[in-house]
Every structure is written in structure tokens, then in C-alpha cells.
Amino acid sequence: MGFILPDAADADSPLKFDELQVLRAQYEKEGYYVGVQTKFNYAWGLIKSSTRNEQQEGVRLLSDIFRNAPERRRECLYYLALGNYKLGNYAEARRYNDLLLDHEPANLQASSLRGLIDDKVAKEGLMGVAILSGVAVAAGVVGGMLFKGARRR
């Protein structure tokens, strides 16, 4: 029986404050001896957050689980990809997502997330080109004005 992952769109609906507090309280209650499942649940709640600091903490916790609990790596891959996507770390998001797709090519959630990552990279790439083009035009105008001013002297 496999672990069923939610659609990538699920990441855009954060938990209610009280729901995240329940996960946080359990995580803090377990303290130094926190269980992998408790840490994973809390990290999942943090990844879903709309607060960047909480998302970063979620990625940090998942990275720790990924390193120290090999039996949970598959579950972590998707949420590491999702968390990095939400943080704008698209190269990391793609890396984790591709690792998951290497092992599960038919994973619909990972395929959906790949599309979201590719769209963001393309969109931001086009924005980067537009910004650089605007800077080049502005530099050309300023350079032309300076050149004209120098010729008049």
C-alpha cells in the first residue's frame, strides 16, 4: 500500500492556525526525542504555511528526515520539492521532484509539480530577459545623452 500524496495545488491552502498549533505542540512535547512521524507531520504543516519562515523551517525539518530516515525519503522528496518551489528555489525543487519521478515515473502529483516548476522557471526567465532588455535600453539612452552632451562641448 503506497502513501497517497495530495495534488500540488493543496500546498496553496495553509492549515488553520489551530491545526498548525496542534502539530507544533506535539512536536515540542516530544522534544529531543521527537518521532519521525511527528516531525514529518509538523514539517508538512509548515510547508503548507503562507509564511516564508515557516516554509523554510519545514524544508529544514524535511531535509533532516531525508538524511536520517531512509525509509521516509520517498515521502520527503515530494514535500522537499514542494517546499522549495514555494520558496522560489526552483533548481532544488526540480532536483527533488526529478528524484521522485526517477523512482515513480507515473506519479501524478510529481508530474503536476514538474509542470508548475517549469512554468515558474519559464515565466521568471522571460521576466529576467525583459528586465535585462529594459536595463540595456535605459543604458543606451543614457549613453546616447552623454555622447550627445560630450559632442556639443
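The axes of helix H2 (residues 36–48) and H3 come within 7 Å and cross at roughly 150°, in a model that is predicted. H2 and H3 are therefore roughly antiparallel to each other, a label given to angles over 145 degrees, while those under 35 count as roughly parallel, 65 to 115 as roughly perpendicular and the rest as oblique. Here helices (H or I, at least four residues) are DSSP runs numbered from the N terminus, and axes are lines fitted to C-alpha atoms over the stretch in contact, with angles from 0 to 180 degrees between N-to-C directions.

**H2 with H3**
- The crossing of H2 and H3 is left-handed, meaning that the near helix is turned anticlockwise from the far one by less than a right angle.
- Val36, Lys39, Phe40, Tyr42, Ala43, Leu46 and Ile47 of H2 make the contact with Glu54, Gln55, Glu57, Gly58, Val59, Leu61, Leu62, Asp64 and Ile65 of H3, where contact means heavy atoms within 4.5 Å.
- The residues of this contact divide into 10 nonpolar, 2 polar and 4 charged; Ala, Val, Leu, Ile, Met, Phe, Trp, Tyr, Cys and Pro count as nonpolar, Asp, Glu, Lys and Arg as charged, and the others, Gly among them, as polar.

**H3 with H4**
- The axes of H3 and helix H4 (residues 73–87) come within 9 Å and cross at roughly 155°, which makes H3 roughly antiparallel to H4.
- H3 passes H4 in a left-handed crossing, and the residues that meet include Val59, Leu62 and Phe66 in H3 and Cys76, Leu80 and Leu87 in H4.
- The residues of the contact of H3 with H4 divide into 9 nonpolar, 5 polar and 4 charged.

**H1 with H2**
- The axes of helix H1 (residues 17–30) and H2 come within 9 Å and cross at roughly 145°, and this crossing is left-handed.
- Among the residues that make the contact are Leu20, Leu23 and Tyr27 of H1, together with Tyr42, Trp44 and Leu46 of H2.

**Aromatic pairs**
- The count comes to 6 aromatic pairs, taking rings of Phe, Tyr and Trp (its six-membered ring) whose centres lie within 6.5 Å, with planes under 30 degrees apart counted as stacked, over 60 as edge-to-face and the rest as tilted.
- The rings of Phe66 and Tyr96 have their centres 6.0 Å apart and their planes at 80°, so the pair is edge-to-face.
- This pair links distant parts of the chain, with Phe66 in helix H3 and Tyr96 in helix H5 (residues 90–103), 30 residues apart.

**Confidence and reading notes**
- The protein chain averages a pLDDT (the predictor's confidence in each residue, from 0 to 100) of 84, and 74% of the residues score at least 70.
- Confidence is lowest in helix H6 (residues 108–152), at a mean of 70, and highest in helix H3 (residues 52–68), at 97.
- Residues are numbered from 1 along each chain as its sequence is written, and side-chain values use heavy atoms, leaving out hydrogens and water.
- Local features need pLDDT of at least 70 and side-chain atom pairs count only at pLDDT 80 or more, whereas totals for chains, interfaces and linings use all residues.

Technical notes: Helices (H or I, at least four residues) and strands (E, at least two) are DSSP runs, numbered from the N terminus.
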